[in-house]
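User: I am new to this structure and would like to learn how to read its features one at a time. Could you take me through them, giving the general idea before each case?

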Amino acid sequence: MKDGNTYRPKYNENGQVDSWQVTGSDGITRTMGDPSPNWQEIENEYNTLNNK
């Protein structure tokens, strides 16, 4: 959860994060592909929140 958005990773067959499902505070889900400007920041934050 960041800035009112919920981020969920989508993985490819290699187990790498392929893209992010971003659900905004408006309830609309969008897919963010790689690379997006905030990619690494989001991934780091997600991993931190989930203790990966």
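User: Which residues does Met32 touch, not counting residues up to four places away in sequence?

Analyst: Contact here means heavy atoms within 4.5 Å. By that reading, and leaving out residues up to four places away in sequence, Met32 touches Tyr7, Ser19, Trp20, Val22, Trp39 and Ile42. Met32 lies in strand S3, residues 29-33, where strands (E, at least two residues) and helices (H or I, at least four) are DSSP runs numbered from the N terminus. This is a predicted model, in which local features need pLDDT of at least 70 and side-chain atom pairs count only at pLDDT 80 or more, while totals for chains, interfaces and linings use all residues. Residues are numbered from 1 along each chain as its sequence is written, and side-chain values use heavy atoms, with hydrogens and water left out.

User: Is Met32 buried or partly exposed?

Analyst: Buried means under 20% relative accessible area, exposed means over 50%, and partly exposed lies in between, using a 1.4 Å probe and protein chains only. Met32, at 21% relative accessibility, counts as partly exposed. In the protein chain of 52 residues, buried residues make up 29%.

User: Which residues make up the largest nonpolar core?

Analyst: In soluble globular proteins, nonpolar side chains tend to be buried together. A nonpolar core is a set of buried Ala, Val, Leu, Ile, Met, Phe, Trp, Tyr and Cys residues joined through side-chain atoms within 4.5 Å. Here the largest such core has six residues, namely Tyr7, Val17, Trp20, Val22, Trp39 and Ile42. At least two residues of this core come from each of strand S2 (17-23) and helix H1 (39-49), and S2, with three residues, gives the most. Val22, apart from its neighbours within four places in sequence, is in contact with Asn5, Thr6, Tyr7, Ile28, Thr29, Arg30 and Met32.

User: How many bridges are there between S1 and S2, and in which sense do these strands pair?

Analyst: Two strands pair if DSSP finds at least two bridges between them. Strand S1, residues 6-11, pairs with S2 in the antiparallel sense over six bridges, and within this pairing Lys10 stands opposite Ser19 in S2. The two strands form a hairpin with five residues between them, and Gly15 in the turn has a positive phi of about 80 degrees. Along the sequence, the protein chain as a whole follows the pattern β-β-β-α, which comes to one helix and three strands.

User: What joins the side chains of Gln21 and Thr31?

Analyst: A polar contact is a pair of N or O atoms within 3.5 Å; within protein, one must be able to donate a hydrogen and the other to accept it, and residues adjacent in sequence count only if both atoms are side-chain atoms. The side chains of Gln21 and Thr31 are joined by a polar contact of 2.4 Å. Gln21 is found in strand S2 and, at 17% relative accessibility, counts as buried.

User: How many salt bridges does a search of the whole structure find?

Analyst: A salt bridge is a side-chain nitrogen of Lys or Arg within 4 Å of a carboxyl oxygen of Asp or Glu. A search of the whole structure finds one. Asp26 forms a salt bridge with Arg30, and their closest N and O atoms are 3.2 Å apart. Asp26 is partly exposed, with a relative accessible area of 48%, and Arg30 also counts as partly exposed, at 42% relative accessibility.
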